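Good morning, everyone. Please take a look at the model on the screen while I walk you through it.

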Amino acid sequence: MLHIGCHLSASKGYLAMGKDALKIGADTFQFFTRNPRGGKAKDIDEADVAAFLKLAGDNHFTHILAHAPYTMNACSKDAGIRGFSREMMADDLRRMEYLPGNFYNFHPGSHVGQGMDTGISLITEQLNAVMKPEQRTTILLETMAGKGSEVGGRFEELRRIIDGVHLHEKMGVCLDTCHVYDAGYDIVHNLDGVLDEFDHIIGLEWLKAIHLNDSLNPMASHKDRHAKIGEGSLGLDAICRIINHPKLQHLFFILETPQEDLAGYGAEIALLRSCHQEG
Ligand code: FE
Ligand code: FE
Ligand code: ZN
């Protein structure tokens with residue numbers, strides 16, 4: 001069973017996203033918790049959430065993935081931005097409790113010249129400030145391309161963040177295939193080696209989700225420009241090896257490719273289902 005979906009617009013609510021997912025043969029999806037540029041989140045509509053949960057149950061959806069806004073930077077130099085990031089994450093986690101048992105993904109942040117050590121400690125401070133023992137959401141650190149001063153381009157950095165979090169059993173990692181390739185991990189020619197490295201440094205049991213994207217740029221370019229599946233430097237064969245890998249098959253995959261419309265994602269999902277082998 002291949003669990004796959006794509007990033008969807010949250011503007012019409014959860015039920016609308018669930019229906020869109022069904023239309024394109026998906027059993028999961030990702031959405032922004034609020035405008036990707038930040039700002040206030042819409043209030044939770046409990047009737048919409050209930051209708052979505054029924055639809056998801058009836059149609060055997062797997063977990064869904066919420067994505068924090070890009071403006072969140074837990075390790076900004078600016079205390080105001082750090083405070084804003086903390087408030088957004090606390091509020092997002094509060095709203096996620098209406099959909100218990102799902103995942104919340106965020107970009108660890110950019111240390112903007114303060115250095116990796118300071119960046120990592122500010123990120124763990126934010127997580128320790130907002131996480132609650134009773135929360136039912138797992139927070140995922142996204143693997144990053146290592147653009148500029150981004151934290152999370154190396155597996156070691158993610159390991160250190162997890163190690164600093166008190167409630168680390170509520171943490172996990174979302175591996176973005178475009179980002180790790182851009183960061184210099186050769187998942188095209190040495191997928192087994194990269195997964196072994198992930199396992200040694202972080203532990204594969206922490207890997208909870210995959211962002212499935214091709215990349216416009218070559219390995220180690222640190223650019224973070226997504227391409228459609230099969231139209232970038234990873235290529236369709238490498239991407240099919242990823243979804244079929246015995247150590248990854250149980251995960252769920254989210255497409256974040258530059259599609260113009262839902263039909264574009266539907267075609268990619270159909271393509272990936274055609275190259276998926278039941279293991
Ligand atoms: Fe992301
Ligand atoms: Fe991503
Ligand atoms: Zn990206």
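Start with aspartate 224. Its relative accessibility is 17%, so aspartate 224 counts as buried. Buried here means under 20% relative accessible area, exposed means over 50%, and partly exposed lies in between, with a 1.4 Å probe and protein chains only.

A word on the source. This is a predicted model: local features need pLDDT of at least 70, side-chain atom pairs count only at pLDDT 80 or more, and totals for chains, interfaces and linings use all residues. Residues are numbered from 1 along each chain as its sequence is written, chains are lettered from A and ligands numbered from 1 in the order written, and side-chain values use heavy atoms, without hydrogens and water.

A donor is an N, O or S atom within 2.8 Å of the metal (3.2 Å for Na, K and Ca); water is not among the atoms, so sites may look incomplete.

Next, the iron ion (ligand 2). Its protein donors are Glu142 (OE), Asp176 (OD), His211 (ND1) and Glu256 (OE). Why is the arrangement irregular? The four donor atoms subtend angles of 86 to 173°, which makes it so. Four donors count as tetrahedral if all angles lie between 85 and 135 degrees; four count as square planar and six as octahedral if opposite donors are over 155 degrees apart and all others between 65 and 115; anything else is irregular.

Glutamate 142 coordinates both iron ions, ligand 2 and ligand 1, which are 3.3 Å apart. Glutamate 142 sits in strand β6 (residues 138–142), and aspartate 176 in strand β8 (residues 171–176), 34 residues apart. Strands are DSSP runs (E, at least two residues), numbered from the N terminus. Glutamate 142 is buried, at 1% relative accessible area. Aspartate 176 is buried too, at 0%.

Glutamate 142 has another partner. Its side chain makes a polar contact with the side chain of histidine 107, at 3.1 Å. A polar contact is a pair of N or O atoms within 3.5 Å; within protein, one must be able to donate a hydrogen and the other to accept it, and residues adjacent in sequence count only if both atoms are side-chain atoms. Histidine 107 lies in the loop between β4 (103–106) and β5 (109–110).

Technical notes. Helix = DSSP H or I, 4+ residues; strand = E, 2+ residues; numbered from the N terminus.
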